[in-house]
Amino acid sequence: MKYVYENAKIKSRLILCDTLEKDVELLRDRTLYKFIWITEGEVELLINYEPFTFHAGEIVSLSYLHCMRLGKVNGSYRAMLFNNRFYHIIDHDSEVLCNGLLFNGSQNVISFHANEEDAMKLNRLVDVFLEEMTFHDSMQDEMLRIILKRTIILCCRLARGKHGVYSQRCARFEIMRKFYSLVDEHFREKKQVQEYADMLNKSPKTLANILSYYHRPPAIKVIHNRIIAEAERLLYYTSKSSKEISLMLGFDEHALFSRFFKNMTGMNTSEFRKQSRSLMRA
């Protein structure tokens, strides 16, 4: 199954499929946000070169920054994919509150569980999507956008429920979400916890306590992980040199970046580029 909606004028895309492992073109598209819902059995995903196994009822949300391919599929799944041209996450964040929660550029993989009732809701959204794909009129674009928006909101509720957050505007949770969003936006030029605490009008200690409460890594680890995730993405997807990448990531000295990368990954940039490309071809 593969259903694709495209608006060629603005290059927007929304896709629903269940055979993503066979679709090289989609897997190579570096503009797509992804929801992967495991409906039966288990599915192995290789995310940022690390294998994860997900089971029936689990949903994984990935940003366009995550490098992903499918491994063993011992069951079934549904994948919904879209790009920013179809639904711009940051511009619509006040509507769905998902930036930094469902989607961020860190190495942290976001997953949550859909119970039987939630699965029924998701299946209804899929049914409406399939029905809407039969209409080719001026309202189709907006109708499909509404379906995607409802999917995102449902997934946000499930992700918040996983953390025990049932109030839509829980202050502590919003600070954590905002922190991840700020790191995504500013990691190239801001690399100190104090800088992010200042933008949040909080002390570094308060930020640390909030992250600890939600069992998230320390703030400095989140910042470093985001830098490394971007470095790995550039090494895998581009032919840019290590020196060029270090400048793009805001390092004044290439040697400093090289030490940082080696300390974080256990290998130098050349070793990583060779190993990651070998893994993704396997």
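**Review note: contacts, strands and cavities**

1. Start in helix α5 (residues 171–186): Glu174 and Arg177 sit 3 residues apart there, so about one helical turn separates them. Helices (H or I, at least four residues) and strands (E, at least two) are DSSP runs, numbered from the N terminus. The model is predicted, so local features require pLDDT of at least 70 and side-chain atom pairs require pLDDT 80 or more, while totals for chains, interfaces and linings use all residues. Residues count from 1 along each chain as its sequence is written, and side-chain values use heavy atoms, with hydrogens and water left out.

2. What joins Glu174 to Arg177? A salt bridge does, with the closest N and O atoms 3.1 Å apart. The term needs a side-chain nitrogen of Lys or Arg within 4 Å of a carboxyl oxygen of Asp or Glu. By this rule the structure has 13 salt bridges. Glu174 counts as buried at 16% relative accessibility. Arg177 is also buried, at 7%. Here buried means under 20% relative accessible area, exposed over 50%, and partly exposed in between (1.4 Å probe, protein chains only).

3. Asp184 meets Arg226 side chain to side chain, at 2.5 Å from N to O.

4. Arg13 and Glu25 meet through their side chains, at 3.3 Å from N to O. Arg13 lies in strand β2 (residues 12–17) and Glu25 in helix α1 (residues 24–28), so the contact ties together parts 12 residues apart in sequence. Glu25 is partly exposed, with 42%.

5. Now the rings. The whole structure holds 16 aromatic pairs. Phe179 and Tyr180 form one of them, edge-to-face, with 5.9 Å centre to centre and 70° between the planes. Both Phe179 and Tyr180 are buried. Phe261 and Phe272 also pair edge-to-face, at 5.7 Å and 75°. Since Phe261 lies in helix α10 (residues 254–265) and Phe272 in helix α11 (residues 269–281), this pair ties together parts 11 residues apart in sequence. Phe261 is buried at 0% relative accessibility, and Phe272 is buried at 5%. The rule takes rings of Phe, Tyr and Trp (its six-membered ring) with centres within 6.5 Å; planes under 30 degrees apart are stacked, over 60 edge-to-face, the rest tilted.

6. Ring pairs also build a cluster. Its members are Tyr33, Phe35, Tyr64, Phe82 and Phe103.

7. Strand β5 (residues 58–62) deserves a look. It is mostly covered, with 5 of its 5 residues buried. In a regular strand, side chains alternate between the two faces of the sheet. Both faces of β5 are covered: Glu58, Val60 and Leu62 are buried on one side, Ile59 and Ser61 on the other.

8. Which strands does β5 pair with? β3 is one, antiparallel over 4 bridges. Strand β7 (residues 110–113) is another, also antiparallel over 4 bridges. Pairing requires at least two DSSP bridges between the strands. Lys34 stands opposite Leu62 of β5. Ser61 has Ile110 in β7 as its bridge partner.

9. Four cavities, 4 in the whole structure, reach 30 Å³ or more. A cavity is a set of points on a 1 Å grid over the protein atoms alone where a 1.4 Å probe fits but cannot get out; lining residues have an atom within 4 Å of a point. The largest cavity has about 140 Å³, the space filled by probe spheres set on its points, which are joined across faces, edges and corners.

10. What lines the largest cavity? The lining has 13 residues, with Phe35, Trp37, Met80, Leu122 and Thr151 nearest the centre. Elements giving two or more residues are β3 (32–47), β6 (68–83), α3 (116–132) and α4 (140–162). The lining divides into 11 nonpolar, 1 polar and 1 charged. Nonpolar covers Ala, Val, Leu, Ile, Met, Phe, Trp, Tyr, Cys and Pro; charged covers Asp, Glu, Lys and Arg; the others, Gly among them, are polar.

Technical notes. 1 Å grid on protein atoms, 1.4 Å probe; cavity = no way out; pocket = protein on both sides within 12 Å on 5 of 7 lines; lining within 4 Å.
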